[in-house]
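Open the model in your viewer and keep the selection tool at hand. The tour goes from stop to stop.

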Number of protein chains: 2
Amino acid sequence: MKNYSKQREAILEVLRCTDTHPTANWIYEKVRETIPNISLGTVYRNLAQLAESGEILSLHVADGFEHFDFVTAPHAHLHCKQCGAIIDAKLDIEPLSKLSNDLGFTPQNTIYVVYGICKNCKQ
Amino acid sequence: MKNYSKQREAILEVLRCTDTHPTANWIYEKVRETIPNISLGTVYRNLAQLAESGEILSLHVADGFEHFDFVTAPHAHLHCKQCGAIIDAKLDIEPLSKLSNDLGFTPQNTIYVVYGICKNCKQ
DNA sequence: CCCAAATCAGTAATGATTACTATTTTATTA
DNA sequence: TAATAAAATAGTAATCATTACTGATTTGGG
């Protein structure tokens, strides 16, 4: 059902080696350094597939871009409204996925996004 | 700085009277019933302004649409990957924004999205 | 080696959102 | 009430992240 591809491997590798939360286009530019003729569509398709299978996390914040995260363990994302940075934060509360059972909802994963202003932008 | 407009009033009224989490276009269609020649751009502009001022909540989930919520108090959103429904859920944990973080981040509001499958779609 | 399914590169199309402009509305002051 | 500037609007055009499509290439199992 799911075959190996060196493109997908390279995409995962790029994501593994960054601590930011890049967009598809950023990853595309990065992967092009090793696979110059890779297609942007290929990047999108593989990212969607990896997110679907739970290997990576897809993150939608209020900047109009889809962001990706190699870390799938529950954690919070602090999104600076000014500079656009997405900062990881430890989650020292119980994940929400435990809560939603009384509604008959089967949770798969939870995204926490805190909007605000980061340290740098505040001065 | 901010003047009254009957268009903004109508947009807020539509949002106040729905328990779903509509998109700009859905709100546009609804407001057109009372203001037939309102412009879609006007709906977008006012929703952005209302979200910016904190009167409503802007919600980005993995369906490519921006959704809006009249309820600004912290609560979780259960998003069904199958039918696309967004269901409100009580938040019986301490909101993330209250948590002190040593990252120097100034939180303004937090969005909680739980992805999964809803009761109906599960059968 | 052979074949079917999966994946790809390259390109075109989609469509939610934003930008632009000339006109109208609002709030204030005289 | 009239005059004025700022804010908001309708209508339309432009943007651009993402998706869809197509014919070629790669993968994996027998």
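Start with Tyr112(A): of the residues of chain A, its C-alpha comes closest to the rotation axis, at 2.4 Å. The same surface serves both copies, since 97% of the contact residues of chain A recur in chain B; contact means heavy atoms within 4.5 Å. Now show both chains. A rotation of 180° with 0.0 Å of shift along its axis superposes chain A on chain B, with an RMSD of 0.1 Å. That is the relation of a two-fold axis. The superposition is by least squares on the C-alpha atoms of residues with pLDDT of at least 70 in both copies.

A note on what is on screen. This is a predicted model, in which local features need pLDDT of at least 70 and side-chain atom pairs count only at pLDDT 80 or more, while totals for chains, interfaces and linings use all residues. Residues are numbered from 1 along each chain as its sequence is written, chains are lettered from A and ligands numbered from 1 in the order in which they are written, and side-chain values use heavy atoms, with hydrogens and water left out.

Next, select residues 40–52 of chain A. This is helix H3, with 13 residues. Helices (H or I, at least four residues) and strands (E, at least two) are DSSP runs, numbered from the N terminus. At 1.5 Å a residue H3(A) should span 18 Å, and its end C-alpha atoms are 18 Å apart, which agrees. The expected span is 1.5 Å times one less than the number of residues.

Which residues of H3(A) are buried? Thr42(A), Val43(A), Asn46(A), Leu47(A) and Leu50(A) are. Buried means under 20% relative accessible area, exposed over 50%, partly exposed in between (1.4 Å probe, protein chains only).

Zoom in on Asn46(A). Its relative accessible area is 3%. Leaving out residues up to four places away in sequence, Asn46(A) touches Ser5(A), Arg8(A) and Ile11(A).

Gly54(A) takes a positive phi of about 85°.
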